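Good morning, everyone, and thank you for making the time.

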Amino acid sequence: MSEASVAVSHGDGSSTGIDNKKLMMWLFLGSDCMFFGTLISTHLIYRKLYPNPEVSPTEIFSIDLTTASSFILLMSSFLMALAVSAMHKGEMKSYRRMTWGVILFGLIFLGFQVYEFNHFIHHYDFTIQSGTMGSTFYLMTGTHGCHVAIGVLILLSQLIASYKGKLTTANSMDVEVAGLYWHFVDIVWIIIFSAVYLVEYL
Amino acid sequence: MSQSTAESHTLVAEKSGIGLTRPDHRSGWVDWLTTVDHKKIAVMYALAGLFFFVVGGIEVLVLRIQLSAPEMNFISPQTYNQLFTMHGTTMIFLGAMPIIAGFFNFLVPLQIGARDVAFPRLNAFSLWVFMAGAIVLNISWLFQLLQVMGIFNPEGGKDIVPAIGWFGYAPLSAGEYSGIGSDFWIFGLQILGVASIAASLNFIVTILNMRAPGMTMMRLPVFTWMTLITSFLIIFAFPALTIALLELMFDRMFGTNFFRVSEGGQPILWQHLFWIFGHPEVYILILPAMGVISEILPAFSRKPLFGYPIIVFSGAVIGFLGFAVWSHHMFTTGLGDIATAAFSLLTMAIAVPTGVKIFNWVGTLWGGRIKFTVPMVYAVGFIWMFMMGGFSGIMHSAAPADSQQQDTYFVVAHFHYVIIGGIVMALFGGIYFWLPKLTGKMWEGKLGYWAVGFVVVGLNVTFFPMHFLGLFGMPRRTHTYLAETGFGPLNMLVTIGAFILAFGLLMVIIDMIKTLRSGKPAGQDPWDARTLEWITTSPPQVHNFDKTPIVKARDAFWYDKHGDAKYKMEYEPDDGHGIHMPSQSWFPLMTGIGMMIMGISLSLYSGGVPFMGYLGIGGIVVVTVGVYLWLFEGPGGYHLHPESEESK
Amino acid sequence: MPWVAVLFLVGCDYKSRQSTFDPKGPIAQEQLDLFMVTVWVVCFLFVAVGSVLLYAVIRFREKKTDSPNFKPKQSHGNPVVEMGLIVVSILMLVIIAIPTLQAIWFTHDLPEDESNHLGQWYDGEISEESEEEVLTVYVYGWQWWWSFEYPQLGITTANEFAMPVGKVVNFELRSRDVIHSFWLPKLAGKVDTIPGRINSMWMQGDEVGHYYGQCAEFCGESHAYMLFRADVLSEEDFEAWVVEQKAGAASPDGGEDWSGFKESLASYRKDPAIAEEWDDVFEGAALFYSKGKCNTCHAVGGSGLAMGVLAPDLTHVADRVSLGAGWLDHRAEDEGEIDPELQLENFYRWVRESEKIKPGNLMYEGTGGMTGLKDIELTDDEVRKIAIYLQSLK
């Protein structure tokens, strides 16, 4: 098979030379794009229909805080890339350190989100029932938050597996696939950050 | 190199999570619950699909009795609404889709020369999650029965079985206007969506990555191509439905305002999201049927498929355009003239690739030697009946004319010609075509011919008059009509037709049972067919192929049989390690059960039944634990050493 | 098989109540013409493709004389033929596409012809702006009935409405609960009434007559019982109809003046026993406005006692030929006159057992603080009297 030369270690036996798990993750992310696409377009449609909601977004959004949390999430993607690279090189220690970093940054991001939701609900009385804006905002950012949380769980379980010795360089594809997911979740956040937060300040 | 025929287990009695022993294929009935074999999964999908097909059929016969004469009181209006809702939902999601999934599962690995799908346990997961969704939807009948008996009385208990139509238009499906039936519907569909997306991801990876050596994309059998396109449609179309359902669920359970008009919600959004899913869904159903037809016609014409690249390409174009025509379901919602014109023209455009397929099928017959076996009768019948459905589809694309047809029996006639005349005919043709391969037994006698005759006659007597009923002004989804409207006689005719059709379908099922009980051995290749599934035994062994075939051309197997030395079949040499087979697993079943508990209890929670919220959380925990144990269980596996003659 | 059905259809009535084959207005005519274009194109395709298919199936079937190993020519396709067929099918679609586009704009755009403006033909009293407008009707879909409002003329009616012959009428469609669809097959195809938005359409009736329509979007339990009727009237008749509709209902004692009845009602509320000497209409009215609580949801024009907006306007309910959104017809024969006995019976049945006639209806169930009839215990005799009162609302 000509593909044999393409695949250094992971493509064995696959017709395209792309590992099954990796291909699966790409396809899932394609599908996930449709999930977020639907959520984001719902938000933008309602935003256009009702340009002046009862609760003004610019009044309640704290753009500094969200920029900070976005930056942290972006940096976590950077660490994730380092973790994958360390895994490929077989540097287990470095992999673990980087992954801890990703998890920590992911948790900080989630913490910011919890704080933000809490603040909106208790200080501004802006809840999931506050007009269409409240509904689309919470469902969309909440879905994204769930994605981050699932990502943290995946990374954590890989990390545990690596301490137990079940995750070795032979499974580096698993780490790479988790990395793909994590990068995707970050990119989606950039889009949400622009379409929900930044757009209000135009 | 082992010459032993025995299946030696290199890994014996693996341990599994939560104290379970990992089952293997010798474990009796446990084998069926834990299997990861794509052929067994296919059988379970198909049997479940046939079961629900019968259920949906019985539902519609009750509807037809109610409609047979004006102002009938055979069933109450709400029962009627529940029955047509469940008929539509059942036939599409629990009848047609699982039978199609059965075909995908059985055929795709065999046609591409693979041992199994890419992710066997994920495949089992799809099956059990599908079963969970089917149960969540249909268990509403049980709760309604309990309510009638006076045992169970939830809030909003007027309609425990969904009564909102298979399209569930908000705000009728929102909290104010419907009972917990809508919750069963939402959770049932949501769970079925998970199953469909998981299965589709699996099939795409399988088709792209698991092909036998030499099986390039343009050598793939057309059925596999259509599976690939269908799977892409599913992974891109279902998310729109999932989000729409999520929004509706939040509206019902958490008071959000997506479709709540008083707070600015726009019910029209539901229609857009639903049809962005719903129109591709139509192609999700018909493309596999077209794939089946494209396999049967060449086999019995003894000729290759006419214009293979164009058939494949037109399938892809249909899939692509399928995402651009959703608003033709909404011509009467006041889209505005520009949008109406655009969607009209796009809808007409989609007729071109569809027409191309019909031309190519006729081209396949042309110049062949047509052998009218039962599958071939279905295939030719498919072309006729599908053409009828396609023609009324063209009529709908003219938006102003459609405003008279929309939501009338004309539309009912149109899509039943496509679904029964198209999908059901193709799937039954496919069952007759591949049943000998699946079971190793051959159907015989005249019953199959009689059955297809009754099906075609019943189909036309039922649905042809419906065109006229619609044009005479009879709206759909009305449980009765005034005598003065003059709809009576035609409705009686339609009801008679429905019973003829049901009788035909019953004969098909009897014929299948007869074949299973007393069919003669079928042999490997009873039809002198062309694709790889026919080079292995009937039924195929658990590992499908003793040796992986090397593919030199499209239809190479046929050329080889007919003496073309250029295409002599060759096989990959045995590497001496044997064939690695994955171990079976409990956890796909466990996650499916978790989903079922979650769906049922959250639906009941919405009806105010105590403790159901906790049970729902329990369900989620079962799912999470199941997935976790599954991920860390590893594929496991054992090695098979089939006897190989050529290596001796 | 289709031909058997066609033969059967010959016996059917193409001009039945809601038949789209019997258009009586320009829009329905345009839609039918377009439909027939599609029919002819499709028939051509059916014959063309069908005959080739039939020929292929007969000509190339396996014959008994064929050797079992006969191998036909293994042709893979012919690009010229295939491209040719694609071009032909595109041409066929163009034949449909052009009239489709024309019809879309024709049916969407309100005709600009000034002769349709109210000022040009309507002799009654209207505001100055209205003179430059065509007659407009607001249609409201409710579960499961219709209300029709004429904002320029100041009248409201339910389930049956009138329009002048030969004049363009503009309809604005709204929904009060779920999605419905307004469909009058002989005059125009349907347009949905969707909560949260206003749709519009125009229609013109070219022939005086009664036209039947019904809701065409599934809208809940009693969707099938949501019928309505349009009366296309001559200009004079239409104007007379407007005058009649504008007039309030007569007081139960016969006159224009309700003050006598109001006084009696006040004392009846204190002591229902005084009704013993009243006639049935008067007592029925007293029940209607007190114990029956009908006036909380229904309106009776001119009374000042009933101004409800949740239910059909009853000012001239006895002038309508049917009850319960078209389901209970007061006429003994199709297109005949109202049969008073049948009408009375229908009113009685409707008040007595509306839940059987139209399950789920709010008059029986009650809604948002309004008491439904299921919680009001009316005796059969009381219901009979209310029915007699209703029959007097002309």
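Let me begin in chain C, where strand β5(C) and strand β8 (residues 199-203) run antiparallel and are joined by five bridges. Within that pairing, C:Asn170 has C:Trp202 of β8(C) as its bridge partner. Please keep in mind throughout that this is a predicted model.

β5(C) is also joined to strand β1 (residues 135-142) of chain C, this time by seven bridges and in a parallel arrangement, and here C:Phe171 of β5(C) stands opposite C:Val137. If we now look at the two faces of β5(C), which covers residues 169-175, the covered one carries C:Val169, C:Phe171, C:Leu173 and C:Ser175, whereas C:Asn170, C:Glu172 and C:Arg174 lie on the uncovered one.

Let me move on to the chains. Which pair of chains has the most contacts? Of the two pairs that touch, that is chains B and C, with 82 residues of chain B and 79 residues of chain C taking part. On the chain C side, the elements that give two or more residues are α1 (2-10), α2 (26-59), α3 (79-108) and β7 (188-193), and of these α3(C) gives the most, with 15 residues. By class, that side of chain C divides into 41 nonpolar, 22 polar and 16 charged residues.

The other contact is between chain B and chain A, where 29 residues of chain B meet 26 residues of chain A. On the side of chain B that touches chain A, two or more residues come from each of α5 (181-209), α6 (222-254) and α7 of chain B, with α6(B) giving the most, nine residues. That side holds 18 nonpolar, eight polar and three charged residues. Chains A and C, by contrast, are joined by no contact, and their closest C-alpha atoms lie 11 Å apart.

Finally, the cores. The largest nonpolar core has 370 residues, and those with the most contacts inside it are A:Ala83, B:Val129 and B:Ile293. Helix α7 of chain B, residues 267-301, supplies the largest share of this core, 22 residues. A second, separate core has five residues, among them C:Ala311, C:Leu362, C:Met363 and C:Leu373.

Key
Residues are numbered from 1 along each chain as its sequence is written. Chains are lettered from A and ligands numbered from 1 in the order in which they are written. This is a predicted model: local features need pLDDT of at least 70, side-chain atom pairs count only at pLDDT 80 or more; totals for chains, interfaces and linings use all residues. Two residues are in contact if their C-beta atoms, placed from the backbone, lie within 7 Å. Helices (H or I, at least four residues) and strands (E, at least two) are DSSP runs, numbered from the N terminus. Ala, Val, Leu, Ile, Met, Phe, Trp, Tyr, Cys and Pro count as nonpolar, Asp, Glu, Lys and Arg as charged, and the others, Gly among them, as polar. A nonpolar core is a set of buried Ala, Val, Leu, Ile, Met, Phe, Trp, Tyr and Cys residues joined through C-beta atoms within 7 Å. A residue is buried if 20 or more other C-beta atoms lie within 10 Å of its own, exposed if 12 or fewer, and partly exposed in between; C-beta atoms are placed from the backbone. Two strands pair if DSSP finds at least two bridges between them.
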